[in-house]
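This report describes the fold and selected local features of one protein chain.

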Amino acid sequence: MSESEIAGRGEAALLGPAEVRVLAERFGVRPTKQLGQNFVHDGNTVRRIVSAAGVGRDDVVLEVGPGLGSLTLAILDVVDRVIAVEIDPNLAGHLPGTVQDRAPKLADRLSIVQADALRVRAADLPAAPTALVANLPYNVAVPVLLHLLAELPSIRTTLIMVQLEVADRLSAKPGGRIYGIPSVKAGFYGTVRRAGTVGRQIFWPVPQVESGLVRIDRFDEAPWPIDEEHRKKVFEVIDAAFAQRRKTLRAALAGWAGSPVEAERRLVAAGIAPTARGETLDTAAYVRLAAQA
């Protein structure tokens, strides 16, 4: 759905800067760095996020950290069901009322789960989400993302707003300085790409960093097994390779393999030069290497 189509529906009255501050004062909300709370107050930005996600009526959208409801309202305008996971009981308790006030026709589309997204399980949710669309708390963005992708295989599309540096790392390609563990692990699930940049001024309070949008499209047919046992084996190799980033893989993986000689054997068997370094390998190479364990 295009941004113009989203804007044209208009059933939800989106939150602007004044509304965000009024709601925060009414609910006694004091944004905290501990919870990574920076509230979006720009309607064009939230519409842009929903447009970039490409979600529609048939999607069940999981939103993490809905806060005061800025993005929630924009998503509800487009899909028939939103599951919002909020760790703050105060915010979780007030969100249904905000939606009822500003989008009464859409209020029955929203379900609230008051929980820590780092610990939420599929069984905790009222339905299986098909998409993750969220302004993730910046201090835990990567752990939350990887946990949800592992825990919820029903998620086919992900569109997240994160700190710009994190967006660059998640979407980085092999060989670059910023390519690392987040890049490789995100690539285990699907195709990762940058989907735009977001300035600081659309948040309250204004953060010290720029933000970026990242989109992940899960593989329609995974090129490797994605069960939990296999994922753990692959991620163990990734962690070992980047724990000593400056070393050759023969040396960096000695602990994982049991010895430098065994590490070299496994690398050669996987078609990888023992003198290579971790940042030069794509996710597929790590999958091949894990198969040698």
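The buried residues of helix α6 are covered by elements that include β2 (60–64), β5 (131–135), β6 (157–163), α7 (164–170), α8 (181–186) and β9 (211–218). The model in which this packing is seen is a predicted one.

Helix α6 comprises residues 141–151 and is mostly covered, since eight of its 11 residues are buried. The buried positions are A141, V142, V144, L145, L146, H147, L148 and L149. An α-helix has 3.6 residues a turn, so residues three or four places apart point the same way.

One of the buried residues in α6 is H147. Its relative accessible area is 14%, and because the limit for a buried residue is under 20%, H147 counts as buried. When residues up to four places away in sequence are not counted, H147 touches A117, L118, R119, V120 and R121.

The loop between α6 and β6 contains S154. With a relative accessible area of 26%, S154 is partly exposed. Apart from neighbours within four places in sequence, S154 is in contact with A128, P129 and T130. S154 and A131 are 23 residues apart along the chain, and their C-alpha atoms are separated by 7.9 Å.

Leaving aside neighbours within four places in sequence, the contacts of V61 are V55, I75, V79, R81, V82, I83, A131 and V133.

D88 is placed in the loop between β3 (81–86) and α5 (89–102). At 16% relative accessibility, D88 counts as buried. The side chain of D88 reaches the backbone nitrogen of N90 at 2.8 Å. V61 and D88 are 27 residues apart in sequence, and the distance between their C-alpha atoms is 20 Å.

**The loop between α12 and α13**

A270 lies in the loop between α12 (260–269) and α13 (283–290). A relative accessibility of 7% makes A270 a buried residue. The C-alpha atoms of A270 and A290, which are 20 residues apart along the chain, are separated by 8.7 Å.

The accessibilities of the residues discussed so far are collected below.

| Residue | Relative accessible area | Class |
|---|---|---|
| A270 | 7% | buried |
| H147 | 14% | buried |
| D88 | 16% | buried |
| S154 | 26% | partly exposed |

**Backbone features**

Most residues other than glycine have a negative phi, and most peptide bonds are trans. Two places in the backbone may be read against this background. Helix α3 spans residues 43–53, and G43, T45, V46, I49, V50 and A53 are buried in it. G54 follows α3 and has a positive phi, near 70 degrees. The peptide bond from W204 to P205 is cis, with omega near -10 degrees. P205 is found in the loop between β8 (203–204) and β9.

**The chain as a whole**

The protein chain contains 13 helices and nine strands.

Of the 293 residues in the protein chain, 51% are buried. Among contacts between residues at least 6 apart in sequence, 71% join residues at least 24 apart. The protein chain exposes about 12,800 Å², and carbon and sulfur atoms supply 50% of this area. The chain has 35 positive and 33 negative charges, and the mean positions of the two sets are 6 Å apart.

Methods: Residues numbered from 1 in each chain as written. Predicted model: local features only at pLDDT ≥ 70, side-chain atom pairs only at ≥ 80, totals over all residues. Heavy atoms only, no water. Helix = DSSP H or I, 4+ residues; strand = E, 2+ residues; numbered from the N terminus. Buried < 20%, exposed > 50% of the residue type's maximum accessible area, 1.4 Å probe, protein only. Contact = heavy atoms within 4.5 Å. Areas by Shrake-Rupley, 256 points an atom, 1.4 Å probe, with all protein chains shown as cover. Lys, Arg positive; Asp, Glu negative; His and termini not counted. Charge placed at Lys NZ, Arg CZ, Asp CG, Glu CD. Polar contact = N/O pair within 3.5 Å; in protein donor to acceptor, adjacent residues only side chain to side chain.
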